[in-house]
Amino acid sequence: MFEDKFSRVLYIDLSKKSFTIKSRPDLFEKWLGGTGVGIQILKEECPKNVDPFSPDNTVIFAVGPITSLYPLASKTIAIFKSPLTGNLGESHAGGRSAVSIMMAGYGAIVIKGKSDIPVYLSIFDNEVRFHDARAIWGIKDAITVGKIIRQKETFSGQRSIMRIGRAGENLVSFASLNTETYRHFGRLGLGAVFGSKNLKAIVIAGKRTINLSDPKAYLRIYKNILDETTSSLMKKYHDLGTAANVLPLHEIGGLPIENLNRTSYEGAIELSGENLAQNYLGRRIACTGCPVACVHIAAFRDPHEEEKYFYKTSMIGYDYEPIYSLGTMLGIKDAKGFLKLMDRTEKLGLDAMSSGVALAWATEMLNKNLITEKETLVKFSFGNWERYIEGLENIVSMPNDFYKALAKGTSYASKIYGGKDFALNFGKNEMPGYHTGPAAHLGWFLGARHSHLDNAGYSMDQSLKGNYPRPEKLIDNLIEEEANRQILSSLVVCFFARAIYLNFDNTINCLKTIGIDLTKEELKELGMEIYRQKMSYKTQEGWLPNFQDLPKRIFETSAPFGKISEEYMNKAIDYFRKRLEKDFR
Amino acid sequence: MRIEIKDPDRCVGCEICMLACVRRQGFAGLAKSKIAVHSSGGMEKGFTVLVCRACFDPPCAAVCPTNALEVRKDGGVNLISEKCIGCKNCVEACTVNAVFWDSETNKPNICTYCGFCAMNCPHHVLYFNKEWGKRDV
Ligand code: SF4
Ligand code: SF4
Ligand code: SF4
């Protein structure tokens, strides 16, 4: 039923600098693609309890059966053992990565081993080349690395270039893997895993044809879905991008500010999507195959330090989450400061979210005199972005023990230096930008990748408006939502298209045109089974959520519908552990 | 008839036009696209859309050794696939780089001026000019 090219897996061994291609219809027929396939390969390839920086750690990139076939089926998922959490790492990125992997002829790419010298890979159709990357190792910024590879390699203008920055080389636990300059496998430290393997970059492209079982139906179903993407929801993402969320969250009092000491402040107007679009927006771009084009890039003019009337113009991508973490969480009140922090984070190859939250924690530690400038080397204060730029540099260059610890994440650093109650991490991953209520915090505390998109607790909070059901019921809902979302991340589609593809009729029709027949019940069951696979992997690697591990700060700062009850959260976590034990181990 | 680039600044690089072109031919993927969108040296610089200009005196046809490219009265060429020997002269000859290569069939991808790409572009970059060439007939 599956065409061969959906189910081909490229296995790369960096230690031996060799590769093999295997046809794995067994995997793709059962698990679709994306996370479904990824978690299975992780279980096959990655030894139990492996050290994330061991050559045995395995990185899996996977796309899905409708990649390059339908609108917004434009994401790649990466699965690996995370150096930040020591557990399941899962990260999603768009750009050109997904279509490039599919057009090069693969459903998944598996990378193992460690090269003796820095290398980068080029993958064009059936050919994988290993290139010496010693000359581009240590280059100051990840954008330049992209430029260099662009000039050297073929498939000009239509390839995906994934690369790490100095953060990845230096094994910062929350280093990101940048793709096409403005998209990222941002979370959970994939960049550091690349660094530990001496892998600087991958460039990938191809062009091929996918045969269809019913071309006429394909035209019709494609059009229906394309029409749905021009709905008003999608228009909001095209016009303002995800930054559209800043003002609404500020207005309801759910925007985390200054290490979540507050939830609204005057800086929100300056950092709003509206202000950024009116005064800075330079260009919008799209992931391949996506009509929405939510990716917003600011054109930022900066006077040269030495030369009068000379300006450096940088193009800087922005999104809601970095605006929260590098902006509001650090109390930044001017857009210029935020954009400069964003630019530096991008160039260093850091995860913007973890970086901002880590610096916010360090600032509060300093304010409370729990540490001194001897540790931070810089006098951080909320709003002062120049100092935070030095902070970002220090996280990457690690000039002392404090930064060595901070480069392992806020959870790790707070165990050594204190301040655990306001170190805002969940399952050792730094929090996303929503203080909307218990569902949000439970959602990412208990979710497989501790992400706000795991199960959308933040959106449950906003629709429940304070009328919470029994904690058991809320947990059941979160689990069901997360299980459904496994379908999205196995197809693999952008989560902005969830309304389209979680309308199961659409998904069933899409799959039919390529010869896959699944009913709604079968899809839902599959989602639940993938969820179970992830949870069993997580518990196998030692994860068990514990109420005591929640940062107390979330109970101190009022959420939009009042303060969060400790008792409610405690009961919910208890019940989740019971379900984990009974249904998902 | 021809496809015109009306407003290149609005192009977001989604490649929906390329995917539409292939879909119209009954396939999916990119190998058979008769239009191409490239980043102009990194996405920060925007995109270039390459599409056949439907020349009246087409250089591609001029260099074809087998007359596989038949010149149309209203501009541009038709590919007569059986005659093509896959020499790639046409690719080299096209001034605007709009003859693409299908390495699966070893033949050029020649625009058929159907306008489907323009109809599908979500950002009004492309314009399907049905009047092109009519006055000269
Ligand atoms: S909505 Fe945005 S992130 Fe999602 S596929 Fe489209 S451009 Fe990419
Ligand atoms: S590749 Fe085919 S169409 Fe092009 S010039 Fe050669 S014979 Fe003619
Ligand atoms: S469909 Fe339109 S916006 Fe998208 S790449 Fe083509 S010309 Fe550009």
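How many residue pairs are in polar contact between chain B and chain A, both at pLDDT 80 or more? The count is 8. A polar contact is a pair of N or O atoms within 3.5 Å; within protein, one must be able to donate a hydrogen and the other to accept it, and residues adjacent in sequence count only if both atoms are side-chain atoms.

This is a predicted model, in which local features need pLDDT of at least 70, side-chain atom pairs count only at pLDDT 80 or more, and totals for chains, interfaces and linings use all residues. Residues are numbered from 1 along each chain as its sequence is written, chains are lettered from A and ligands numbered from 1 in the order in which they are written, and side-chain values use heavy atoms, without hydrogens and water.

**The interface of chains A and B**

In chain B, 33 residues are in contact (heavy atoms within 4.5 Å) with 37 residues of chain A. The two chains bury about 2,900 Å² between them, 59% of it on carbon and sulfur atoms. Buried area is the accessible area (1.4 Å probe) that two parts lose on being put together, summed over both. R23(B), M43(B) and E44(B) supply 25% of the area that chain B buries against chain A, more than any other three residues.

There is 1 salt bridge between the chains. R96(A) and E15(B) meet in a salt bridge through their side chains. The term means a side-chain nitrogen of Lys or Arg within 4 Å of a carboxyl oxygen of Asp or Glu.

Four elements of chain B each supply at least two residues of the side that touches chain A: α1 (16-24), β2 (28-29), β3 (35-39) and α4 (116-120). Helices (H or I, at least four residues) and strands (E, at least two) are DSSP runs, numbered from the N terminus. α1(B) gives the most, with 5 residues. By class, this side of chain B has 15 nonpolar, 10 polar and 8 charged residues. Ala, Val, Leu, Ile, Met, Phe, Trp, Tyr, Cys and Pro count as nonpolar, Asp, Glu, Lys and Arg as charged, and the others, Gly among them, as polar.

β2(B) also pairs with strand β13 (residues 209-210) of chain A, antiparallel, over 2 bridges. Pairing requires at least two DSSP bridges between two strands. T209(A) stands opposite G29(B).

**Ligand shells**

Ligand 2 is surrounded by 15 residues (a heavy atom within 4 Å). The closest are C64(B), C84(B), C87(B), K88(B) and C90(B). Their shell divides into 11 nonpolar, 3 polar and 1 charged. Around ligand 3 the residues include C11(B), C14(B), C17(B) and C121(B). E15(B) is also among them. The shell of ligand 3 has 10 nonpolar, 1 polar and 1 charged.

**Salt bridges and backbone**

Over all chains the salt bridges come to 40. Two are tabulated here.

| Salt bridge | N to O distance |
|---|---|
| R96(A) and E15(B) | 4.0 Å |
| E44(A) and R24(A) | 2.9 Å |

E44(A) lies in helix α2 (residues 34-45) of chain A and R24(A) in the loop between β2 (18-23) and α1 (25-31), so the pair ties together parts 20 residues apart in sequence.

Most residues other than glycine have a negative phi, and most peptide bonds are trans. A cis peptide bond joins L491(A) and V492(A), with omega about -20 degrees. V492(A) sits in the loop between α21 (471-491) and α22 (498-501) of chain A. Phi of N259(A) is positive, near 55 degrees. N259(A) is in the loop between α9 (246-252) and α10 (267-270) of chain A.
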